[in-house]
Amino acid sequence: MKTQNRLLVKTCLDQLNSQTETLSRIFYKELFQLDRQLKTVFSGSVVFLNRKFTNMLSTLKNVKHLEKIEDSISKMGERHIRQYGAEIQHFPLMKKALLNTLSVHLGEAYTPELKEAFDDVFDDVAAIMQRAMAQLAPELQIQPLKMNETDNLLEEVGGEAMVIKVHQRFYDIMFDEPWLETFFLGKSKEALIKKQSQFMIAAFNGPNNYEGDTPAFVHMHMFITNEMIEIRERILKASILAEGLSETTADKWLAVDHSFKAAIVKTSSSECVLKCKGQFPIEVKKPKDYKPAF
Ligand code: HEM
Ligand code: HEM
């Protein structure tokens, strides 16, 4: 029965693939009618909202072997509570909004079997996410770094120009790093320096000119391990110090950078979530004779 329901959901969502924007519009209307407060969780432009909705659908579509990808679904649950402001009690509202959307959009084609299939698949995925969220809830009361609205780390690091200089140095090293360089094959260094700088300037309480995606989304198909994050952080710290900033300022910078880690790091490549058909997870094996430069 489970297998059949998962297949029904997949077939239905494959058929609706070209209509996700319409579905997304109905979905958010339904969701905000159920709870207006959710507007604070789902903020941003229509493009962002569509992407979040598409992410959810693509997960529900790819759970043929849900039991085998439990770890990645748990991690996703953790990201939801840590990073996105989702709460355990939001799930029934999401499900109701999704089922209403399908009913409005599909009309008679929304059979009782299809309703049951979506209900069942959603509940199975949600149960894993919610369990992981419940386990994390107490830990979340500890905030590693609290930035006050009046804190201005941007000023302390030396303004926007310094953020750009540090990132120039940083990406020069990253693009040549014997292990991590593979992630950056074919990427524009200049574009990354600009985006990463805009992102951090906003994170340092400076002006927000960042128009890229959230770190979770950008890296969702990359198998990035804790070890890689540590190497990256060492390179970042060296780049900050090389620009003449103090150790204390470097550590504050790193604490902000570090706070995005949870949304990026994965423990297995099965946690990679693919954004579109035909995309592969990016998995980079450590070179045999690897010696980190930092
Ligand atoms: C079965 C239910 C759900 C599934 C399968 C799901 C799936 C996803 C996926 C795959 C992403 C992409 C980022 C990532 O992998 O971490 C995402 C992002 C997001 N989800 Fe969910 N989700 C579900 C329920 C919820 C609920 C209940 C909420 C809150 C009410 C929520 C809020 C969000 C937000 C705000 C983002 C965007 C994060 C960002 O890019 O800023 N989701 N979801
Ligand atoms: C070892 C760890 C990491 C690796 C290998 C990595 C790799 C990458 C790659 C390959 C891209 C380009 C994506 C594309 O153009 O398709 C990218 C973009 C980006 N990364 Fe990372 N990343 C890592 C950690 C981080 C962390 C911790 C942050 C947050 C502080 C971050 C923030 C960003 C931002 C803001 C972008 C630009 C997003 C955009 O183009 O819209 N990354 N990263």
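Me: Which helix gives the most to the shell around ligand 2, and with how many residues?

Reply: In this predicted model, a shell is read by asking which residues have a heavy atom within 4 Å of the ligand. For ligand 2, helix α9 gives the most, with four residues. Both α9 (189-203) and α11 (226-242) supply at least two residues of this shell.

Me: How many residues are around ligand 2, and which come nearest?

Reply: There are 19 residues around ligand 2. Those that come nearest are K187, K195, Q196, H219 and R232. Sorted by class, the shell has eleven nonpolar, three polar and five charged residues.

Me: Which polar side-chain atoms lie by ligand 2, and at what distances?

Reply: Here one looks for pairs of N or O atoms within 3.5 Å. An N or O atom in the side chain of K195 is 3.2 Å from an oxygen atom of ligand 2. For Y210, a polar side-chain atom lies 3.5 Å from an oxygen atom of the ligand. H219 has a polar side-chain atom 2.9 Å from a nitrogen atom of ligand 2.

Me: Which residues and helices make up the shell around ligand 1?

Reply: Ligand 1 is surrounded by 19 residues, of which N55, R79, H80, Y84 and T214 are the closest. Helices α3 (46-61), α4, α5 (91-106) and α6 (112-136) each supply at least two residues of the shell. The most come from α3, with four residues. By class, this shell has twelve nonpolar, five polar and two charged residues.

Me: Which side chains have polar atoms by ligand 1?

Reply: A polar side-chain atom of R79 is 2.7 Å from an oxygen atom of ligand 1. Y84 places a polar side-chain atom 2.3 Å from an oxygen atom of this ligand. In the case of H80, an N or O atom of the side chain is 2.9 Å from a nitrogen atom of ligand 1.

Me: Is S72 buried or exposed?

Reply: A residue is called buried when its relative accessible area is under 20%. S72 has a value of 7%, so S72 is buried. This serine is found in helix α4. Its C-alpha atom is 6.4 Å from that of S270, although S72 and S270 are 198 residues apart along the chain.

Me: Why is H167 classed as it is, and what does its side chain contact?

Reply: H167 is buried because its relative accessible area is 1%. H167 lies in helix α8, residues 159-174. The side chain of H167 makes a polar contact with the side chain of S197, at 3.0 Å.

Definitions and conventions. Residues numbered from 1 in each chain as written. Chains lettered and ligands numbered in written order. Predicted model: local features only at pLDDT ≥ 70, side-chain atom pairs only at ≥ 80, totals over all residues. Heavy atoms only, no water. Polar contact = N/O pair within 3.5 Å; in protein donor to acceptor, adjacent residues only side chain to side chain. Nonpolar A, V, L, I, M, F, W, Y, C, P; charged D, E, K, R; others polar. Buried < 20%, exposed > 50% of the residue type's maximum accessible area, 1.4 Å probe, protein only.
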